[in-house]
Amino acid sequence: MTALNPAGWRPEMNAGGADDSTTFTGNRALMLEEPLLFEIGSTETTGVDFDEDVAAADLGPLARSAPIGLPGLSESETVRHYTRLSRQNYAIDLGLFPLGSCTMKHNPRLNEKVARMPGFADVHPLQPQETVQGAYAVIHELAEWLVTLTGMHAVAMSPKAGAHGELCGVLCIKAALAARGEDRRVLLVPESAHGTNPATAAFAGFTVEDIPANAEGRVDLAALEERLGPDVAGVMITNPNTCGLFERDLKAISDAVHAAGGYIYCDGANFNAIVGRVRPGDLGVDAMHINLHKTFSTPHGGGGPGSGPVVLSAALAPFAPLPFVTKDGDRFRLIEEENAGEAHPDSFGRMTAFHGQMGMFTRALAYILSHGADGLKQVSEDAVINANYVLRSLEDVLEAPFAASGPCMHEALFSDKGLAEGFSTLDIAKGLIDEGYHPMTVYFPLVVHGAMLIEPTETESKAVLDQFIGALRSIALRAKNGDPALKSAPHFAPRARLDETLAARKPVLRWEG
Amino acid sequence: MRYLPLTPDDRAAMLAAVGAASIDDLFADVPAEARLSGPIPGLPMHASELAVERHMAALSRQSRVAGDGPFFLGAGAYRHHVPASVDHLIQRGEFLTAYTPYQPEIAQGTLQMLFEFQSQVARLFGTDVANASMYDGSTACWEAIVMARRITRRGKALLSTGLHPHYRSVARTMATYTGDTLVDGDPTLEPGTDWAALSRAIDKDTSCVVVQYPDILGRIDDMSALAEACQAAGALLIAVVTEPVALGLIKAPGEMGADIVVGEGQAIGVGLQFGGPYVGLFACKSKYVRQMPGRLCGETVDANGKRGFVLTLSTREQHIRREKATSNICTNSGLCALAFSIHMTLLGEAGLRRLAAINHQRAKAAATELAKVPGVSLLNAAFFNEFTLVLPTEARPVIHRLAEKGILGGVSLGRLYPDNDALANGLAVAVTETVTEDDIAAFAAALKEVLA
């Protein structure tokens, strides 16, 4: 395996740790330290000019007279402060970001341009309906794509992120059960599920019970069937699952759950593996959220915003939240509280103010239109090829617990088995940082010891993967051989390992100066 | 396809390397009934950048843009001028295309920004601590009610009638399924708030009282007495701020004793965006920090003793506690928090106070002009940049007639409270620094014509 930059730094060159030479500023050439805003700003400084003078307000005792303590910077200082901060971040624009279950793919800049078009960015959610037909058209067009791509009946567009979408789906299930006059309290959730699944179920008042997995890393169908009964509201299942495997028995699971009076919620976080190639509706799913910030490439932004539309089966669609957009002839109409009585009487209500994440809808629609049905099929195929290539290229050096369970889908899963005494998944992750990569997802799913979940996505080239595989192979060997330098990695990041215990024991959550 | 770097040769080589004869081998676990032979029927094929841009631009042109004429809408989303550098900075790839900062050694940019954001929000709200953001104001409000239940172990929340009706709807939706009791109602067209009545309604089962400030009708009031009544009864006071610019001029809820302060941060840095993405603000007294929902960023040191930042107190969260977590929230609104923080940095305290004063002065001028229109009266005794007009007729049709004349003249209470005839003549009007004197004159003239 040839690295792209064979002349560059390699671990053995500097095994003792970072160079300890110091500079006056603490900077290292392009690696620039940046103080806190509160250390450089002043409450008297502002980077905004105003056109007018104002008279003193006459608000009496309600006037805010005490100092607020908000520092300001001039515009030039502001641009520099945030530009310097930005350079301390890793990002998909800089390189491979193989976080399993997070689908860190390229974010096309066309989508940014489109989202800023004034007819989407500078319109108010409560404008008269006749003045925002173009905005409704975007929501409606994206909704039609999502319904068709998933083979489902309807879609609720307003959920704000994946976990909010889960809540939407689970509330639809609750409302459907209530309409049937049933009070089923149990949701079955596999141990391998994202933490949001049990948290959502509990937030909505359900009791969570575990579904066992079989030896190959899939839901144990027989055990599931055994547990079904009149107290079970449904199943929350992730497909492809968090071990990176397609749930081969999903249709049989759906049939069994439906026969027992329950519903199937599918966590769609991993939809990128099958988009354009498999329709979840064909597998009996009743509700599935789609993370537009994963499969449809809206940027993660360092922790959001996301967007989590939920596609629904015919059984759950009547309970979908308000508001939503419909089309009457060539005009679009918003169904909200005042007209829901006739148009959508069984809705479980509103989940958020306004219409959902419009800024993400425009980006996702631009992405979908760019790919088309043929391109999206290629997306899932390339994502799956890339993940299998990583899995098969590393299974001789890292234990792949489900290597024998068939091909993986869009992500490759490894465990920490076979590392030298005292070496862990965390050490491998930190070693990857020094090699110029963002680490994979670590210690998830919980069903695998020291899990390392690698999702390369379809927007990585073979050359990038070959270099990554070479780097991870070398780190795995160092972990197996007990290289002490790996224990103190990263050596070349803006910071060495951070003391998370101290942060939690003595929380400092705001500037105290 | 321009976003896909694998070549046909790469695909063939990689399939061979993994021992697959064709791509279908890798999808062998998909049941036969769900296998599709070609692209999903009924959908268009791929398109060039130019074609997509042309299509989206055509849709964009089908809406009346707020900036294209007189514009007076508020009711939870406010149009302020956002300096150009804000949008430039949030498009730095290192911010835009980063993930949640799970690996702090290579995410100090996002983490330090979040620490600064938390500090700014806490100071703006007059509270001890703030989190790293929620989805929006409405979901932050519900999360605060749930948090009050956890802290007080009581299940009855009293909602002020001045709370935004969408926020109330979100709370109602959730309460239906969680078993919480909500005491709520519609506002009445009176100059003052219902806070004194709320004080009297607190009992031993009350977990919290929720008030909006300024409220849906634009009214402002001192919440100190209500905070004392809550404290005496062991209930929490939750204040909701949907227009944070107001806090450059009027006292912060935390200064008046609110226990939890939540809000919609959209007005600062984010823009209208047809309702989202926005940024939920969430702050509270430090003694409640371990019951907070969402991410928290904290200061620490690295192995070399250098200051650094990490996500902390994660044992509250879903990825650790699963069904016992304080909330199911995961992805929040990081990039909008960044936009808020940059805009607040550009303003600084001096700029925020000036901006707030301009908004208030402009709104007062507009209220005076509009109240001169025959038959129109101003409801509010006090307001910041939004007030309620009482028209001599139903406001909804008036809004549409005004739109025909090119004026977006506020939000009719009939749209917000479709079932309440007593509010039908109410019109909520917001006036920010983006409104000109000519806009106000045009609005007053058009309103006079429509009502004549």
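In chain B, B:Thr110, B:Met113, B:Leu114, B:Glu116, B:Phe117 and B:Gln120 of α6(B) meet B:Gly334, B:Ala337, B:Leu338, B:Phe340, B:Ser341 and B:Met344 of α12(B); two residues are in contact if their C-beta atoms, placed from the backbone, lie within 7 Å. Helices (H or I, at least four residues) and strands (E, at least two) are DSSP runs, numbered from the N terminus. The residues of this α6(B)–α12(B) contact split into seven nonpolar, four polar and one charged, where Ala, Val, Leu, Ile, Met, Phe, Trp, Tyr, Cys and Pro count as nonpolar, Asp, Glu, Lys and Arg as charged, and the others, Gly among them, as polar. The model is predicted, with local features needing pLDDT of at least 70 and side-chain atom pairs counting only at pLDDT 80 or more, while totals for chains, interfaces and linings use all residues. Residues are numbered from 1 along each chain as its sequence is written, with chains lettered from A and ligands numbered from 1 in the order in which they are written.

As for geometry, α6(B) (residues 108–125) and α12(B) (residues 334–371) pack at about 60° with their axes 9 Å apart. Axes here are lines fitted to C-alpha atoms, for helices over the stretch in contact, and angles run from 0 to 180 degrees between N-to-C directions. The crossing of α6(B) and α12(B) is left-handed, meaning that the near helix is turned anticlockwise from the far one by less than a right angle (clockwise would be right-handed).

Chain B is assigned a domain 1 (66–81 + 353–451) and a domain 2 (84–343), with bounds from an automatic or database domain assignment. Taken over C-alpha atoms, the centres of these domains of chain B are 28 Å apart. Contacts link 31 residues of domain 1 of chain B to 27 residues of domain 2 of chain B. On the domain 1 side, α12, β11 (386–390) and β13 (426–430) of chain B each supply at least two residues, and α12(B) gives the most, with six. That side comprises 19 nonpolar, nine polar and three charged residues.

Between the chains, 174 residues of chain A are in contact with 166 residues of chain B. Helix α11(A) (residues 358–394) provides the largest share of the chain A side, 21 residues. In all, the chain A side holds 88 nonpolar, 53 polar and 33 charged residues. Within chain A, the axes of α11(A) and α13(A) (residues 462–481) come within 10 Å and cross at roughly 30°, in a right-handed crossing.

The largest nonpolar core has 317 residues, and those touching the most other members are A:Cys172, A:Leu312, B:Cys141, B:Ile145, B:Val209, B:Val210 and B:Ile238. Such a core is a set of buried Ala, Val, Leu, Ile, Met, Phe, Trp, Tyr and Cys residues joined through C-beta atoms within 7 Å. A residue is buried if 20 or more other C-beta atoms lie within 10 Å of its own, exposed if 12 or fewer, and partly exposed in between. The largest share of this core, 20 residues, again comes from α11(A).

The peptide bond from A:Gly304 to A:Pro305 is cis, with omega near 5°, and A:Pro305 sits in the loop between β6 (287–289) and β7 (310–312) of chain A. B:Ser133, a residue other than glycine, has a positive phi near 115°. B:Ser133 is also buried, with 32 other C-beta atoms within 10 Å.
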